[in-house]
Amino acid sequence: AMIDGALTYLSEGRHREAVGLVDLSTMLQTICDGWSDLGRDVVFEGPDHLVRQVRPVAIERAFANLVDNALKFGTRCIVRLREEGERVVVEVEDDGPGIAAADREAMLRPFVRGDAARNMDDTRGFGLGLAIVKAVVDGHDGRLAFETVEPHGLRVVISLPAQPVAGERGAGAGTHRFGA
């Protein structure tokens with residue numbers, strides 16, 4: 001998984017995955033169900049279906065990285081999906097130690113691991129998860145933000161345009177249904 005993550009990051013920007021219609025609700029529910037099946041406390045909150053044009057493999061990788069991080073550093077994860085005007089918003093919230101505001105920008109660079117990660121077993125990651133998420137979000141003309149959850153925790157907020165990625169309108173003919 002770590003090698004796959006590294007290769008994904010290194011190829012991001014060089015390989016342009018085709019845009020296709022994806023049911024984001026189904027994708028996020030499937031990611032959450034996978035962790036729930038392993039006994040982890042993961043909840044999905046959102047509509048039954050929300051279909052948008054995205055790069056399917058890249059966006060799934062980004063969301064999976066966020067949920068993986070949430071459960072690596074916390075005991076509970078809540079994934080929320082909603083429409084907000086012309087944008088689609090995905091929140092991944094945990095109850096872990098969070099990331100200090102001063103460290104957040106650095107955590108988006110490759111091979112940077114936070115204090116909590118440095119105290120873990122060194123085989124648990126290369127520090128590419130958030131860098132991959134940032135690259136994928138940028139590739140979708142999206143925005144990524146961190147919010148502190150009180151009394152402790154982190155909420156990662158991804159906001160994506162509701163319209164297809166610029167210059168690729170109609171690029172994907174099929175609808176990708178994850179877990180259906």
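Figure 1. Arg76 counts as partly exposed, at 33% relative accessibility (buried means under 20% relative accessible area, exposed over 50%, and partly exposed in between, with a 1.4 Å probe and protein chains only). The structure is a predicted model, in which local features need pLDDT of at least 70 and side-chain atom pairs count only at pLDDT 80 or more, whereas totals for chains, interfaces and linings use all residues. Residues are numbered from 1 along each chain as its sequence is written, and side-chain values use heavy atoms, with hydrogens and water left out. The side chain of Arg76 meets that of Asp41 in a salt bridge, at 3.1 Å from N to O (a salt bridge is a side-chain nitrogen of Lys or Arg within 4 Å of a carboxyl oxygen of Asp or Glu). Distant parts of the chain are linked by this pair: Asp41 belongs to strand β2 and Arg76 to strand β4, 35 residues apart. Asp41 is likewise classed as partly exposed, with a relative accessibility of 35%. Helices (H or I, at least four residues) and strands (E, at least two) are DSSP runs, numbered from the N terminus.

Figure 2. Five strands form an open sheet of mixed pairing, in the order β2-β4-β5-β7-β6 (two strands pair if DSSP finds at least two bridges between them). Strands β2 (41-45) and β6 (143-148) stand at the edges with a single partner strand each, so one side of each has no neighbour in the sheet. From one strand to the next, the twist averages 15°. Strands β4 (residues 76-84) and β5 (residues 87-94) are paired in the antiparallel sense over 8 bridges. Within this region, Arg82 stands opposite Val89 in β5.

**Figure 3. Strand β7 and its two partners.** Of the 8 residues of β7, 7 are buried, so this strand is largely enclosed by the rest of the structure. Strands β5 and β7 run antiparallel and are joined by 8 bridges; the bridge partner of Val92 in β7 is Val156. Strands β6 and β7 also run antiparallel, joined by 6 bridges, and Glu147 has Arg155 as its bridge partner in β7. The hairpin formed by β6 and β7 has 5 residues between the strands, and Gly153 in the turn has a positive phi of about 135°.

**Figure 4. Ser25 in helix α2.** Helix α2 (residues 24-37) lies across β2, β4 and β5 and runs at about 165° to β2 (axes are lines fitted to C-alpha atoms, for helices over the stretch in contact, and angles run from 0 to 180 degrees between N-to-C directions). Ser25 is found in this helix and is buried, with a relative accessible area of 2%. A polar atom of the Ser25 side chain lies 2.8 Å from the backbone oxygen of Pro47. Leaving aside neighbours within four places in sequence, Ser25 is in contact with Phe44, Pro47, Asp48, His49, Leu50 and Leu81 (contact means heavy atoms within 4.5 Å).

**Figure 5. The largest nonpolar core.** In soluble globular proteins, nonpolar side chains tend to be buried together. The largest nonpolar core has 35 residues, of which Phe63, Cys77, Val79, Leu81 and Val92 touch the most other members (a nonpolar core is a set of buried Ala, Val, Leu, Ile, Met, Phe, Trp, Tyr and Cys residues joined through side-chain atoms within 4.5 Å). At least two residues of this core come from each of α2, β2, α3 (56-73), β4, β5, α5 (129-139) and β7 (154-161). Helix α3 gives the most, with 8 residues. Not counting residues up to four places away in sequence, Val92 touches Leu66, Val67, Ala70, Cys77, Ile78, Val79, Leu154, Arg155 and Val156.

Figure 6. Asp68 is partly exposed, at 26% relative accessibility. The side chains of Lys134 and Asp138 form a salt bridge at 3.0 Å, N to O. Lys134 and Asp138 are separated by about one helical turn because they are 4 residues apart in helix α5. Salt bridges with shared partners join Glu45, Arg80, Arg82, Glu84, Glu91, Glu93, Glu147 and Arg155 into one network.

Key:
Polar contact = N/O pair within 3.5 Å; in protein donor to acceptor, adjacent residues only side chain to side chain.
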